[in-house]
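Please look through the structure shown here with the following report at hand.

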Amino acid sequence: MTRTRWATAFGAAVALALTGCSGDGGGSGSGDDPIVVGISLPLTGDFSEPGKGVQRGYEAWAKITNDKGGLLGRQIELKILDDQSNADRVVADYEQLIGKDSVDIVVGPFSTRLVVPAARVAEEYGMLFVEPAGAAKEVFEQGFKNLFYAAPAVADDHYNHLAEYLLALPADQRPKTAAYAAMDDPFAQGTAYGLKAKLEAGGVRTVVNEVYPPNTTDFGSIAAKIASARADIVVGGSQYQDGVNLIVALQQLNYQPKLAAFSTAPTNPEFAAAIGNKTEGILSPTGYTQKAPYPSNVEFVEKYTAQFGSPPEEDEANAYTTGQVVAAAVTAVGCAEQGECQKKLVDWLHSNKVDTVVGPLTWDATGKPQGAHMIQQWVGGQIQIVLPAEAKEAEFVYPKPAW
């Protein structure tokens with residue numbers, strides 16, 4: 001979920017046909033024609049790194065499904081457009097995919113900022129809209145009837161297990177002060193402020209609360225405020241590059257918190273090297289682990305790794321989960337096309353459970369999943385699940401070692 005500098009924008013859309021089937025890109029809804037799935041993704045711009053991860057997850061889902069015979073006896077074809085990380089562009093993309101290209105199914109982009117406008121288009125056309133990355137609370141306050149978030153929990157609930165752990169500590173061990181720095185982004189702020197609300201309710205005092213623009217690269221002043229406040233814990237509502245830059249700035253000031261939690265950044269494969277391999281004790285919530293024993297996850301990890309040469313991360317898993325949710329509904333209802341079929345798909349998901357690579361998923365009326373994220377921590381040079389107790393791979397390290 002990296003926020004890096006804007007890459008050179010592609011003017012042309014990227015269309016991916018994974019099946020080798022011919023056609024005009026639109027779905028016919030019957031026969032041997034493919035089921036065309038329309039997607040707009042940020043393949044360039046601020047969200048390009050996670051956008052490409054989501055793309056790989058969708059590609060893996062299509063290939064694995066197609067290798068088993070497809071859905072309803074038809075192959076899946078992905079039609080992917082590049083929205084350039086731009087909300088206006090994502091609206092135009094879904095208007096084109098649904099209205100002009102007449103795709104059978106649409107699924108969501110990456111980032112709450114793009115999911116909300118995209119979901120609005122899908123709702124106007126009466127299309128099912130399963131999405132992999134719109135976790136901020138405002139997604140579920142829009143009144144969408146057709147949206148489903150394909151992950152265990154929304155942003156505000158990502159840190160529930162961590163809050164419970166910290167507030168259950170003996171009084172002399174419990175943190176007394178906390179510093180928060182969050183990107184001006186619904187998801188990033190949602191994760192940090194969900195934890196903030198719970199800790200404040202438990203008596204942990206906020207001493208720094210900074211919000212910074214998405215394109216921020218210099219974190220010297222924010223780091224100085226956090227270091228001078230000597231907060232017991234620091235929480236970064238971060239994507240990737242901003243999380244890395246803030247940690248490096250804190251390291252340079254020799255600020256040593258008892259706990260450091262950053263949303264998404266610590267789970268990135270490049271994270272350790274980017275902060276000088278001083279990772280021990282750093283936390284992040286996650287909705288996915290490659291080690292999860294769910295049968296479909298064992299298959300996903302094996303086949304994804306064979307397809308791309310390395311195992312999947314959370315962005316890829318969330319996109320794959322999105323595909324699994326769509327596939328479950330299509331298989332149960334027996335259709336995949338625009339029109340009345342879409343309402344049947346929506347109704348089925350509102351009243352059924354779907355088994356996925358991130359576990360069983362169910363949703364409330366707003367499309368919000370009914371679960372919580374696990375907590376990962378860098379322990380012994382690798383990131384491992386430490387909370388909740390029933391899923392842990394290592395013991396929680398608190399206070400964290402110096403970085």
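Gly143 is partly exposed, with a relative accessible area of 45%, and in this predicted model Gly143 belongs to the loop that runs between strand S4 (129-131) and strand S5 (147-149). Between the C-alpha atoms of Gly143 and Arg120, which are 23 residues apart along the chain, the separation is 9.8 Å.

Leu259 is found in strand S9 (residues 259-262). If its neighbours within four places in sequence are left aside, the contacts of Leu259 are with Leu162, Leu166, Asp232, Ile233, Val234, Leu283, Phe396, Tyr398 and Lys400. The C-alpha atoms of Leu259 and Asp347, 88 residues apart along the chain, are separated by 43 Å.

Tyr398, one of the residues in contact with Leu259, also takes part in a cis peptide bond, which leads from Tyr398 to Pro399 and has omega near -5°. Another cis peptide bond leads from Leu387 to Pro388, with omega near 0°. Pro388 lies in the segment after strand S14 (382-387), and Pro399 likewise lies in the segment after S14.

Some backbone angles also deserve a look. Phi of Ser85 is near 65°, which is a positive value in a residue other than glycine, and Ser85 sits in the loop between strand S2 (76-82) and helix H2 (87-100). The relative accessible area of Ser85 is 9%, so Ser85 is buried. Thr264, which is not a glycine either, has a positive phi of about 70° and is placed in the loop between S9 and helix H8 (271-274). With a relative accessible area of 10%, Thr264 is buried. Arg230, which comes just after H6, takes a positive phi of about 55°.

Which residues of helix H6 (residues 220-229) are buried? They are Ile222, Ala223, Ile226 and Ala227, and when H6 is seen down its axis these buried residues fall within an arc of 130°, so they line one face of the helix. Ser221 and Ser228, on the other side of H6, are exposed. The buried residues of H6 are covered by elements that include strand S6 (177-183), strand S7 (205-212), strand S8 (233-237) and helix H7 (241-252).

The packing of helices comes next. Two packed helices are described by the angle between their axes and by the distance between the axes. The table gives these values for some pairs.

| Helix pair | Angle between axes | Distance between axes |
|---|---|---|
| H1 (residues 48-67) and H9 (residues 295-308) | about 105° | 10 Å |
| H1 and H10 (residues 314-333) | about 40° | 7 Å |
| H6 and H7 | roughly 55° | within 9 Å |

The axes of H6 and H7 cross at roughly 55°, and these helices are therefore oblique to each other, in a crossing that is right-handed. Ile222, Ala223 and Ile226 of H6 make the contact with Leu246, Ala249 and Leu250 of H7. By class, this contact of H6 with H7 has six nonpolar residues, no polar residues and no charged residues.

H1 packs against H9 at an angle of about 105°, which makes H1 roughly perpendicular to H9. On the side of H1 the contact is made by Arg56, Glu59, Ala60, Lys63 and Ile64, and on the side of H9 by Glu299, Phe300, Lys303, Tyr304, Gln307 and Phe308. This contact of H1 with H9 has five nonpolar, one polar and five charged residues.

H1 also packs against H10, at an angle of about 40°, which makes H1 oblique to H10, and the crossing of H1 and H10 is right-handed. In H1, the residues Pro50, Gly53, Val54, Arg56, Gly57, Tyr58, Ala60, Trp61 and Ile64 meet Asp315, Glu316, Ala319, Tyr320, Thr322, Gly323, Gln324 and Ala327 in H10. The residues of this contact of H1 with H10 are nine nonpolar, five polar and three charged.

Key: Residues are numbered from 1 along each chain as its sequence is written. This is a predicted model: local features need pLDDT of at least 70, side-chain atom pairs count only at pLDDT 80 or more; totals for chains, interfaces and linings use all residues. Side-chain values use heavy atoms; hydrogens and water are left out. Axes are lines fitted to C-alpha atoms, for helices over the stretch in contact, and angles run from 0 to 180 degrees between N-to-C directions. Helices (H or I, at least four residues) and strands (E, at least two) are DSSP runs, numbered from the N terminus. Angles under 35 degrees count as roughly parallel, over 145 as roughly antiparallel, 65 to 115 as roughly perpendicular and the rest as oblique. Contact means heavy atoms within 4.5 Å. Ala, Val, Leu, Ile, Met, Phe, Trp, Tyr, Cys and Pro count as nonpolar, Asp, Glu, Lys and Arg as charged, and the others, Gly among them, as polar. Buried means under 20% relative accessible area, exposed over 50%, partly exposed in between (1.4 Å probe, protein chains only). The arc is that of the directions from the helix axis to the C-beta atoms. A crossing is left-handed if the near helix is turned anticlockwise from the far one by less than a right angle, and right-handed if clockwise.
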